[in-house]
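I opened this model to take notes on its contacts, its pockets and its surface. The entries below follow the order in which I looked things up.

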Amino acid sequence: MFLISFILIYLAIKKQFEPLLLLPIAFGMLLANLPMAGLMAEAAPGEPWYTQGVLRIIYGGVKSNLFPCLIFMGVGTMTDFSPLIANPISLLLGSAAQLGIYVAFLVANATGLFTPGECAAIGIIGGADGPTAIYVANTLAKDLVAPIAVAAYSYMALIPMIQPPIMKALTTKKERETVMVPLRKVSKVEKIVFPIVVTLFVALLLPSVAPLLGMLMLGNLFKESGVVERLTDTAQNALMNIITIMLGTTVGATANGEIFLRVQTIAIIALGLFAFTMATTGGVIFGKILYYLTGGKINPLIGSAGVSAVPMAARVSQVEGRKYNPTNFLLMHAMGPNVAGVIGSAVAAGVFLLVFGA
């Protein structure tokens with residue numbers, strides 16, 4: 001576990017693979033495996049909760065779904081839904097990228113190592129959405145929260161390394177060079193109405209994800225309303241940074257060697273990578289389909305951003321596009337499927353909770 005921690009620290013600092021996530025996760029792994037430190041020790045029977053290890057106490061925010069919901073509120077304040085509103089076809093790209101969730105669920109179920117509910121929680125890793133993965137695992141796979149959370153956040157952080165080879169393998173040079181026309185300007189009214197309508201629609205359809213999606217849209221409403229600047233600033237900066245530190249460190253701290261290095265955990269790590277690969281593949285392939293249906297007006301590279309790691313996946317689409325056409329600017333176009341992926345993974349989570357929650 002020390003070796004795994006050192007490798008992740010190296011990737012975070014030297015390669016700068018999303019260090020805001022990877023560095024606290026990696027150091028949390030190191031802390032949890034220090035001999036006799038007891039940072040993640042549970043309270044003895046009959047002892048009060050505050051006798052637990054300090055990281056175990058903080059980890060209560062993960063187990064209660066408090067941290068995932070607060071993270072989503074912070075993400076909402078930093079998310080611009082304008083690209084999705086301006087180009088609704090992005091919703092289809094975001095939906096296509098959820099392929100990884102359902103394929104991984106089927107493969108996990110075929111292994112016979114997990115219950116259907118656990119398979120559903122593992123599949124959510126394919127959405128590249130750490131808070132949603134934790135949210136579902138807390139309900140359907142309580143014993144697997146640690147490896148699922150570590151897998152989800154680790155793969156989110158490693159997006160710049162995992163996605164580009166898949167994107168290059170599935171597209172031609174001509175497709176990667178495609179220049180997309182600028183998006184239309186979205187009005188303030190549209191931006192304000194969007195989070196309210198989405199919350200009502202999804203929450204009424206799938207009440208189980210209302211806390212998660214509701215906090216996402218609340219944060220976005222803070223941002224778009226323009227009348228609560230202090231709340232917006234706190235949610236997207238101070239609060240987001242504090243929760244990221246606590247969530248990342250305690251998620252990493254769940255990677256205790258005695259529990260982590262077992263067949264089930266190794267299977268989850270492998271299935272998570274498979275889910276993420278299939279999600280990227282689904283988005284890019286559907287992007288290729290739209291490329292031909294629109295007569296070459298859509299760059300297939302933006303399909304990879306359909307995974308819901310905002311804005312990491314969209315940034316990767318931009319970087320890869322610029323490699324083949326320095327004048328290309330795909331970031332805003334990629335943000336459409338990127339934010340659609342956030343909604344798509346939440347909907348997938350809601351479906352799984354509805355089917356297996358009982």
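**Entry 1: salt bridges**

I began with E175 and K288, whose side chains meet in a salt bridge with 2.8 Å from N to O. A salt bridge here is a side-chain nitrogen of Lys or Arg within 4 Å of a carboxyl oxygen of Asp or Glu. The pair links distant parts of the chain, 113 residues apart: E175 sits in helix α13 (residues 173–176) and K288 in helix α18 (residues 263–293). Helices are DSSP runs (H or I) of at least four residues, strands are runs (E) of at least two, and both are numbered from the N terminus.

I note that the model is predicted: local features need pLDDT of at least 70 and side-chain atom pairs pLDDT 80 or more, while totals for chains, interfaces and linings use all residues. Residues are numbered from 1 along each chain as its sequence is written, and side-chain values use heavy atoms, without hydrogens and water.

Is E175 buried or exposed? E175 is buried, because its relative accessible area is 0%. Buried means under 20% relative accessible area, exposed means over 50%, and partly exposed is in between, with a 1.4 Å probe and protein chains only.

I searched the whole structure and found 5 salt bridges. Another of them joins K223 to E224, with the closest N and O atoms 2.8 Å apart. K223 has 28% relative accessibility, so I list K223 as partly exposed. E224 is buried at 8%.

I also looked up K323 and E320, whose closest N and O atoms are 2.9 Å apart in a salt bridge. The two residues are about one helical turn apart, because 3 residues separate them in helix α19. K323 counts as exposed at 54% relative accessibility, whereas E320 counts as buried at 6%.

**Entry 2: the largest pocket**

I turned to open space next. A pocket is an open set of points on a 1 Å grid over the protein atoms alone, with protein on both sides within 12 Å along at least five of seven lines, where a 1.4 Å probe fits; lining residues have an atom within 4 Å of a point. Volume is the space filled by probe spheres set on the points, which are joined across faces, edges and corners.

The largest pocket holds about 670 Å³. It is lined by 29 residues, and L21, M78, M240, T244 and V310 are the closest to its centre. At least two lining residues come from each of α2, α5 (66–78), α11 (145–157), α16 (229–253) and α19 (312–324). Which helix gives the largest share of this lining? I found α16, with 7 residues. I counted the lining of the largest pocket by class as 20 nonpolar, 6 polar and 3 charged residues.

**Entry 3: the second largest pocket**

The second largest pocket has a volume of about 430 Å³. Of its 24 lining residues, M40, R56, T254, N256 and I259 are the closest to the centre. The elements giving two or more residues to this lining are α2 and α11, and α11 has the largest share with 3 residues. By class I have 15 nonpolar, 3 polar and 6 charged residues for the second largest pocket.

**Entry 4: a place in the chain**

L34 is partly exposed, since its relative accessible area is 35%.

Definitions and conventions: Nonpolar A, V, L, I, M, F, W, Y, C, P; charged D, E, K, R; others polar.
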